[in-house]
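Visitor: I would like to learn how to read a model feature by feature. Where do we begin?

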Amino acid sequence: MSEAPLVAGIELGGTKINCILASGPDTIEDEVRIPTTRPEETLAAVEAVLDRWSGFVAIGIASFGPISIDRHASDYGHITSTPKPGWAGTDIVGRIRSRYNVPVGFHTDVVGAALAEARWGAAKGLADIAYVTIGTGVGAGMIAGGRPVDGLTHSELGHIRPVRVPGDDWLGVCPFHGACLEGLVSGPAIAARTGIAAEDLPAAHPAWETVAQAIGQLLHTLVLTGIPRRVVMGGGVMVGTSHLFPSVRAAMTRSLGGYITLPEVALADSYVVPPALGGRAGPLGAIVLGAQALGEQLQSSFTAP
Ligand code: ZN
């Protein structure tokens, strides 16, 4: 029996919203899915779910991005520059906070997944990890000391420019950078390049080599930050193609060139791992975000003058 308090978690995804009332994976009281449509309609549907629930002491929101997570900024809690119709500039946190008198935690869906995998999943027991998603988009979230690694804004490591495979000059599909990581290895990029959806592309197809090499560059970069003790990799492209794990691990090791001799990184099979929580990582991450917001509020009530 868990004595952790109930939190309302909302994973705000580009196509669907997962709402969950829980204190962890073993104490899920209710779970509701809502399609993501226009902001007004969608947020009203989320509020209808929250209105029906009782007993939660905090709300956590793990959202698609980009979002503003700077608490000192006037647009804190907003979706910022998404191309998703109607959503750019939408105030999420202000609206939810004004309706429910509980602390509200807010971060990206990828950081939410990192928090959940560290708490209950494939990186259980580790406080310093990265979660990478390779799917419709590419993103990486890092946590250190159990908290999101935040500064000016959230990480956008899905848009690094990887070193290309010699002779590969394909232009890529990122509207901002062309052949950045997302422009090379996202599901839509693989489909645009090969004419075949990633999950149907044969393991022997030469395009996989360029994909693995590019993802290896992201892993190289994550190792060099000195933060993650493990990297959990999810998203449709990774999860749908088991042959990709061995090749991205090999690409990371090759790219690092023996520079990092730490045993954690040398043991690539246990350093780069698939997720353990599946589709629940997002909503459970929102639960952690809500619990952390509650903890911060309690802490500030003790330290306030
Ligand atoms: Zn890009």
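Predicted model: local features only at pLDDT ≥ 70, side-chain atom pairs only at ≥ 80, totals over all residues.

Visitor: Which parts of the chain do H159 and C180 tie together?

Guide: H159 and C180 both lie in the loop between β8 (147–148) and α4 (181–185), so the pair ties together parts that are 21 residues apart in sequence.

Visitor: Which atoms are the protein donors of the zinc ion?

Guide: They are ND1 of H159, SG of C174, ND1 of H177 and SG of C180. These atoms lie 2.1 to 2.4 Å from the zinc ion.

Visitor: How do I read the geometry? What arrangement do the four donor atoms make?

Guide: Start with the ideal: four tetrahedral donors have angles of 109.5 degrees at the metal. Here the four donor atoms subtend angles of 106 to 118° around the zinc ion, so the arrangement is tetrahedral.

Visitor: Now the strands. What is the order of the open sheet of five strands?

Guide: The order is β8-β7-β6-β9-β10, and the pairing is mixed. β8 and β10 are the edge strands, each pairing on one side only.

Visitor: Which pairs run parallel, and how many bridges join them?

Guide: β6 (residues 129–134) and β9 run parallel, joined by four bridges. T133 has G234 in β9 as its bridge partner. β9 and β10 (residues 272–273) also run parallel, with two bridges. There, V232 stands opposite V273.

Visitor: And how do β7 and β8 run?

Guide: β7 (residues 138–144) and β8 are antiparallel, with two bridges between them. A144 stands opposite R147 in β8.

Visitor: How do I read side-chain direction in a strand? Which way do the residues of β9 point?

Guide: In a regular strand, side chains alternate between the two faces of the sheet. In β9 (residues 231–234), V231 and M233 point one way, while V232 and G234 point the other. All four are buried.

Visitor: How many bridges pair β2 with β3?

Guide: Seven, in the antiparallel sense, with β3 covering residues 28–35. I20 stands opposite E31.

Visitor: Why is β2 largely enclosed by the rest of the structure?

Guide: Six of the seven residues of β2 (residues 16–22) are buried, so the strand is largely enclosed.

Visitor: Finally, the whole protein. How does the radius of gyration read?

Guide: A compact globule of 305 residues would have a value near 19 Å; the protein has 19 Å, so the two agree. Its C-alpha atoms fill a box of roughly 60 × 40 × 35 Å along the principal axes. Buried residues make up 51% of the 305. The secondary structure comes to 11 helices and 10 strands.

Notes
Residues numbered from 1 in each chain as written. Heavy atoms only, no water. Donors = N, O, S within 2.8 Å, 3.2 Å for Na, K, Ca; no water. Tetrahedral: all angles 85-135°; square planar, octahedral: opposite > 155°, others 65-115°. Buried < 20%, exposed > 50% of the residue type's maximum accessible area, 1.4 Å probe, protein only. Pairing = 2+ DSSP bridges. Rg over C-alpha atoms; globule rule 2.2 N^0.38 Å.
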